[in-house]
Amino acid sequence: MSKENQRDVIVNRLKSKGLRVTPQRFAVYANLCSRRDHPTVEQILKDLNQDFPISSQATVYTSLQALRKVGLVKEVLLEEGVSRYDANVEPHHHFHCRQCGSIKDVPWDTFDSFNLEHLPYLAESYEVTIRGLCDRCTGNN
Ligand SMILES: [Zn+2]
Ligand SMILES: [Zn+2]
């Protein structure tokens, strides 16, 4: 995709959700769409400030909340007290490496579906977190 098309795609997605396109929202969402590593606010901020040092942690956080509210971004909580963010909002699972902390997407259809009817609750959604060692940490890359 050319840079120009990518810009349009991102602007259109923000607009389609009724979000006003601000430079901060655009920059945060574009950054998140360009990576697959489930960054924290600090990691997004560090990336953005290399290009145009106008962002603060608060503006990145506020933009993320706006994007999350309309369903463009998902918060991923795999470690206690650490919020990570994901532009992949399709159903998927996660793999979390216990050594380097990296988080990878695991396709939804990797597993047969669970039967949620056995639960005494009104179950609406679920996702699986698999823990272990990634291919880099086992040396099998
Ligand atoms: Zn690892
Ligand atoms: Zn993910």
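Figure 1. Take contacts in the chain between residues at least 6 apart in sequence: 47% of them join residues at least 24 apart (a contact means C-beta atoms, placed from the backbone, within 7 Å). This is a predicted model, where local features need pLDDT of at least 70, side-chain atom pairs count only at pLDDT 80 or more, and totals for chains, interfaces and linings use all residues. Residues are numbered from 1 along each chain as its sequence is written, while chains are lettered from A and ligands numbered from 1 in the order in which they are written. The chain has 5 helices and 5 strands, running α-α-α-α-β-β-β-β-β-α from the N terminus. Those elements are DSSP runs numbered from the N terminus: helices are H or I with at least four residues, strands are E with at least two. Along the principal axes, the C-alpha atoms fill a box of roughly 45 × 40 × 30 Å.

Figure 2. The contact draws 6 residues from domain 1 and 6 residues from domain 2. On the domain 1 side, that makes 2 nonpolar, 1 polar and 3 charged residues. For the classes, Ala, Val, Leu, Ile, Met, Phe, Trp, Tyr, Cys and Pro are nonpolar, Asp, Glu, Lys and Arg are charged, and the others, Gly among them, are polar.

**Figure 3. Helix α2 crossing helix α4.** The axes of α2 and α4 (residues 57-69) come within 9 Å and cross at roughly 75 degrees, with axes being lines fitted to C-alpha atoms, for helices over the stretch in contact, and angles running from 0 to 180 degrees between N-to-C directions. The two helices are therefore roughly perpendicular to each other (65 to 115 degrees; under 35 is roughly parallel, over 145 roughly antiparallel, the rest oblique). From α2 come Gln-24, Arg-25, Val-28 and Tyr-29, and they meet Thr-59, Val-60, Ser-63, Leu-64, Ala-66 and Leu-67 of α4. Sorted by class, this contact has 6 nonpolar, 3 polar and 1 charged residues.

**Figure 4. His-38 in its loop.** Look between α2 (23-33) and α3 (41-51) and you'll find His-38 in the loop. Its phi is positive, about 55 degrees, although His-38 is not a glycine. Because His-38 has 24 C-beta neighbours inside 10 Å, it counts as buried; the cut-off is 20 or more other C-beta atoms within 10 Å, with 12 or fewer for exposed and partly exposed in between, all C-beta atoms placed from the backbone. Across the 141 residues of the chain, 18% count as buried.

**Figure 5. The open sheet β4-β3-β5.** Three strands line up in the order β4-β3-β5, with mixed pairing (to pair, two strands need at least two DSSP bridges between them). At the edges sit β4 (103-107) and β5 (129-132), each pairing on one side only. Strand β3 (residues 92-97) runs parallel to β5 over 4 bridges, with Phe-95 partnered by Ile-130 and His-96 by Arg-131. With β4, β3 pairs in the antiparallel sense over 5 bridges, and His-93 has Val-106 as its bridge partner. In the β3-β4 hairpin, with 5 residues between the strands, Gly-101 takes a positive phi near 80 degrees.

Technical notes:
Two residues are in contact if their C-beta atoms, placed from the backbone, lie within 7 Å.
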